[in-house]
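Colleague: I've got a structure open and I'd like to learn how to read its sheets and its interface. Can you walk me through it?

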Amino acid sequence: MKSQRSRRAVDLFMTALCGTCTALALIPLASILWLVVRNGAGAISLTFLTALPAPVGETGGGVGNAIAGTLFMVGLAALCGVPLGIGAGVFLAERGDGPLGRTVRFCAEVLGGVPSIVVGIVAWGLIVVPMHRFSALAGAAALAILMIPTLARATEEMIRLVPTALREASLALGVPAWRTSLSVVLRTALGGIVTAVLLALARAAGETAPLLFTALNNQYWNLRPDQPTSSLTVQIYNYAISPYDDWHQKAWAAALTLLLMVGLLNLTARWLAGGRMQRGPA
Amino acid sequence: MSERSKLEVRHLTAWFGKTAAIKDVSLSVPAHTVLAIIGPSGCGKSTFIRCLNRMHELTAGTRVEGSVLIEGEDLYARGVDPVFIRRRVGMVFQRPNVFPTMSIRENVLAGLRLNGVRGDHASILEDTLRRTALWDEVKDRLDESAVRLSGGQQQRLCIARAIAVEPEVLLMDEPASALDPIATARIEELIGELKQGYTIVIVTHNMQQAVRISDDTAFFYLGELVEHGPTKQIFTTPRVPRTEDYVTGKFG
């Protein structure tokens, strides 16, 4: 009886401890949401989401071009980064056991650990300097480089989760190995890979450092890849370091906008992943 | 054996690294017969049949010596593409492995579609599902996901998928071991019918099953072929004492 009582006490203590730790861990998240919503929600309006930024000294204006710029550059980056990342992941999963595979995996890990500002300066050196101008292309290139290693590893993991039995079933039908990889293995892993892509896009949309001296910023609409382009993150940075109260408020509102965009991507990814699990074992 | 032999194995040795899992096995299978492979776990039964459609070599560090002839053509001859071999030698696995992202229809036609084979897919679909006794159960839900079928139905779907590409030989690796007795009975019945069209090699742990469905039986022990002959003879008057010990349940 005594031992049971002491076990109950330990159980209660541990539960309380874990609960407290969880609550503490949630404080930063809650305070971020609270601060951003409280300071930003008031300034968000249709005009704010669609208009160009106002010139210095004038109030009003918005971040329409920055939203478009972020979507444009993330889209450009995805165009190059997604196929490369997934392709590398397929290679690592299917043929990655040799020396070449080990080298590629090692490089992906190293590349994944490179700070984003370093990737930004490389894109600056390789694209901005020779072109003599800041451009969406340079920003997108930096974002693509950041996407590739995470996508490659995530794709590899997802493909390795596909049971060998399915691969063998396909091979035993006389389906060539490449066709098996694409039509059976990749198709089975697709749900997980799409989730990984959305998470990578969300991460890229939130990057500032690699855009600071590649895409720079732009006060006007721009969808030309060879021109400086505004992005939400750089716009937040510019607004936040300015001396104007109106701009500070705009920084909060832009932050809330970015948070909502990234949150939407994350939720979609989660919803897709959940649906895949409900559809039964892969 | 007066029948023409469909499949002939000559001095087959299969390696995993430096270990030989199959040692110098020779046997032949006449057309339109069922050969049962029996033996205790780990004796190389599965490895043996995986050599018959060149699946063994998919595992890293494996190697095969000797030859396997289908209608006199050596599967292991230089320049033979294993992909084409596997279209002639179909395989059904121990656990049902339907493609989870595909519908029932797509599963049956997977081999044809993924290999770009044209033809009357609708009639192949119906014919194959009728031959595997699935048609009446699934004809109204052909576009549903295949994972919603029961285990026994899934295994019959796997058989349908294997025969839709019209192989000559059908390999089965304990196809009923994951199924309940009723589903097992249906698979056994099916094997009896499929024999008309195919030559079948089946691995089984269930000796009664071997007696019920096979014409010939081969007993493997530690990678060696101990005895091979008509099923009736193997189970009633085996020539080798070890075979007798195994089929009477003294070991294994």
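This is a predicted model: local features need pLDDT of at least 70, side-chain atom pairs count only at pLDDT 80 or more; totals for chains, interfaces and linings use all residues.

Colleague: Which residue is the bridge partner of B:Leu12 in S2(B)?

Modeller: That's B:Val25. Now widen the view: the pair belongs to an open sheet of four strands in chain B, ordered S2-S1-S4-S5, with antiparallel pairing.

Colleague: Which strands stand at the edges there?

Modeller: Look for strands with a single partner. In chain B those are S2 (19–30) and S5 (73–74), so each has one side left without a neighbour in the sheet.

Colleague: What about parallel pairing?

Modeller: Go to strand S7 (residues 169–173) of chain B. Strand S6 (residues 89–92) of chain B runs parallel to S7(B), joined by four bridges, and B:Val89 sits opposite B:Val169. Strand S8 (residues 199–203) of chain B is also parallel to S7(B), this time with five bridges; there, B:Met172 faces B:Ile202. To get from S7(B) to S8(B), the chain passes through helix H7 (residues 181–194) of chain B, giving a right-handed β-α-β crossover.

Colleague: How many residues of S7(B) are buried?

Modeller: To call a residue buried, count the other C-beta atoms within 10 Å of its own; 20 or more will do. In S7(B), five of the five residues pass, so the strand is largely enclosed by the rest of the structure. Check the faces too: B:Val169, B:Leu171 and B:Asp173 are buried on one side, and B:Leu170 and B:Met172 are buried on the other.

Colleague: And how do I judge chain B as a whole?

Modeller: Compare its radius of gyration with what a compact globule would give. For 252 residues that is near 18 Å, and chain B has 18 Å, so the two agree. Its C-alpha atoms fill a box of roughly 55 × 45 × 35 Å along the principal axes, and 47% of the residues are buried. The secondary structure of chain B comes to ten helices and ten strands. Sequence separation is handy as well: of the chain B contacts between residues at least 6 apart, 67% link residues at least 24 apart.

Colleague: Last one: how many residues of chain A are in contact with chain B?

Modeller: 19, and they meet 23 residues of chain B. Next, ask which elements supply them: on chain A, helix H7 (164–172) and helix H8 (177–205) each give at least two. H7(A) gives the most, with seven residues. By type, the chain A side splits into ten nonpolar, five polar and four charged residues.

Definitions and conventions
Residues are numbered from 1 along each chain as its sequence is written. Chains are lettered from A and ligands numbered from 1 in the order in which they are written. Two strands pair if DSSP finds at least two bridges between them. A residue is buried if 20 or more other C-beta atoms lie within 10 Å of its own, exposed if 12 or fewer, and partly exposed in between; C-beta atoms are placed from the backbone. A crossover is right-handed if, with the strands pointing away from the viewer, the path from the first strand over the helix to the second runs clockwise. Two residues are in contact if their C-beta atoms, placed from the backbone, lie within 7 Å. Ala, Val, Leu, Ile, Met, Phe, Trp, Tyr, Cys and Pro count as nonpolar, Asp, Glu, Lys and Arg as charged, and the others, Gly among them, as polar. The radius of gyration is taken over C-alpha atoms; the globule rule is 2.2 Å times the number of residues to the power 0.38.
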